[in-house]
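Have a look at the model before reading on.

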Amino acid sequence: MKQNLSILLVLATAFTAAAQNKKAVKPVQAYTVANKKVTVYTTAEKSEYRISKTETLNFVENKQPFETEPCIFVDPTVKYQTLVGIGGALTDASAETFAKLSKKNQQELLTAYYSPDKGIGYTLARTNIASCDFSSGSYTYVQDNDAALKTFSVAHDEQFKIPLIKQATAAAGGKLPLFVSPWSPPAWMKDNNSLIQGGHLLPAFRQNWANHYVKFIKTYEAMGIPIWGLSVQNEPMAKQKWESCVFTAEEERDFIKNFLGPTLQKSGLSSKKLIAWDHNRDQIFQRASTILNDKDAAKYVWGIGFHWYETWTGSGMQFGNVKQTHEAYPDKALIFTEGCKEKYDVNKLDDWTLGERYGYSMINDFNAGTAAWTDWNILLDEKGGPNHVGNFCFAPVHADTKNDKLIYTNAYYYMGHFSKFIRPGAKRIGAASSRDKLQSTAFLNTDGKLVVVVMNQSDDKLKYSLWIKGEAATTTSLPHSITTLVVE
């Protein structure tokens, strides 16, 4: 009898809990497109369209499309990650090239990148801690063997980089979240006694190197440059002919757990967003699982950063690894920290595949759960530099410094189809294309504007409908185009 009573009590408790949970579930907010219009912005090859307003669409009832009717199906009630921001890196190379421009062109560039109305409204930035390949030469902030960091100085950055960061922040309206990344500790802190060719941080200098991040952040902030976040190490599994330092997954985990994390916390910098990995998609899951399965390391980590250069191996872009990482660790953010087209060729500045690579990556990275997306150099010169080891690359905008001209590649416009319209705080929402030639992603901004980006890499002109809750607005995707559809 007592056993039966116990069972009844357990069942009653379970039913009560279930009832309470049912009451606690918030109803899904309805979304209607009634009286809403769709404004279409287009960038297309073999046309004059560059984020151009090309048409305005109306919705008409279409309860259930047939499979013969290509559609982008959007459900605003299905919500995923929140967008942190979209932007580019303010490197030494960008800053040195910027300084060679006339004041007129400097202002044009700042407006082009950071004005949400007249430009593409970047809302995120990255910069290098000490030198990287996109610097005119190697440099550090401390003198040799100064373990106490008494000689620490960012005087080098005051000539070009700091002025650019301040001007970009002003152009963005006074707020531009900035994260910072080291390419190498000082040579004397490493086992190969060199800034280049990889090498490892010597165990004896782990605390001194952790102190170095704090010195950098506090020095920049004292100069009026707030630091939003930092990554542990740029490309920790690459032995490069430029500044580099190898951290295995276990070494990075232990450095975060025992040195960098506690040092940030003790220094009052625990609110800074700490980013692990900061390398390619190929090993992102292995790195994330090694670090985040250790709760003592994971508690300091805000997110996992990644690049797109796994393609150098002959691989395609491995978005599945990004998605798996997001699904395994949904409480940690994913941030694309760097990407550019390598092997600069001045004759390919108008190559349409430059922009398509950006569009392809951004759509698929966002759909895999990425919360922030950062391009590499915002500006490079006519040679694809400066770069002190000859690793010349493409940027969305190049400067012809000899003739004081700005050259906008289509990568600038492709990025703008996202950054101009999808703003920080936006929620990614359900979006599915019924045709593989039409790739798409969608976001709902905090002001209620719904934004859908559709890219067509094919040679075909494709008619399709934007379908939301039984209503459809029909348009045509031009060959090799990207469009942003804004519903309001």
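Across the whole structure, the search turns up 16 salt bridges, where a salt bridge is a side-chain nitrogen of Lys or Arg within 4 Å of a carboxyl oxygen of Asp or Glu. Keep in mind that this is a predicted model: local features need pLDDT of at least 70, side-chain atom pairs count only at pLDDT 80 or more, and totals for chains, interfaces and linings use all residues. Residues are numbered from 1 along each chain as its sequence is written, and side-chain values use heavy atoms, with hydrogens and water left out.

**A charge pair in a helix**
- Side chains of opposite charge can pair when their charged atoms come close.
- Aspartate 254 and lysine 257 sit about one helical turn apart because they are 3 residues apart in helix H6 (residues 249-266).
- Helices (H or I, at least four residues) and strands (E, at least two) are DSSP runs, numbered from the N terminus.

- The chain splits into domain 1 (37-81 + 429-487) and domain 2 (85-424), with bounds taken from an automatic or database domain assignment.
- Their centres, taken over C-alpha atoms, are 32 Å apart.
- Domain 1 puts 25 residues into the contact and domain 2 puts in 22 residues, with contact meaning heavy atoms within 4.5 Å.
- About 2,100 Å² is buried between domain 1 and domain 2, 68% of it on carbon and sulfur atoms; buried area is the accessible area (1.4 Å probe) that two parts lose on being put together, summed over both.
- How many salt bridges are there between domain 1 and domain 2? The count is 0.
- Polar contacts do turn up there, in 11 residue pairs (both at pLDDT 80 or more); each is a pair of N or O atoms within 3.5 Å, where within protein one must be able to donate a hydrogen and the other to accept it, and residues adjacent in sequence count only if both atoms are side-chain atoms.
- On the side of domain 1 that touches domain 2, strands E1 (37-44), E17 (438-444), E18 (450-456) and E21 (481-487) each give two or more residues.
- E21 has the largest share of that side, with 5 residues.

**What the UniProt record says**
- An unreviewed UniProt entry places "domain: Glycosyl hydrolase family 30 TIM-barrel" at residues 85-422, and such annotations may be inferred rather than shown by experiment.
- Residues 85-422 are 34% helix and 16% strand, with end C-alpha atoms 9 Å apart.

- Most residues other than glycine have a negative phi, and most peptide bonds are trans.
- The peptide bond from glycine 385 to proline 386 is cis, with omega near 5 degrees.
- Proline 386 lies in the loop between strand E13 (380-381) and strand E14 (397-400).
- Alanine 130 has a positive phi, near 65 degrees.
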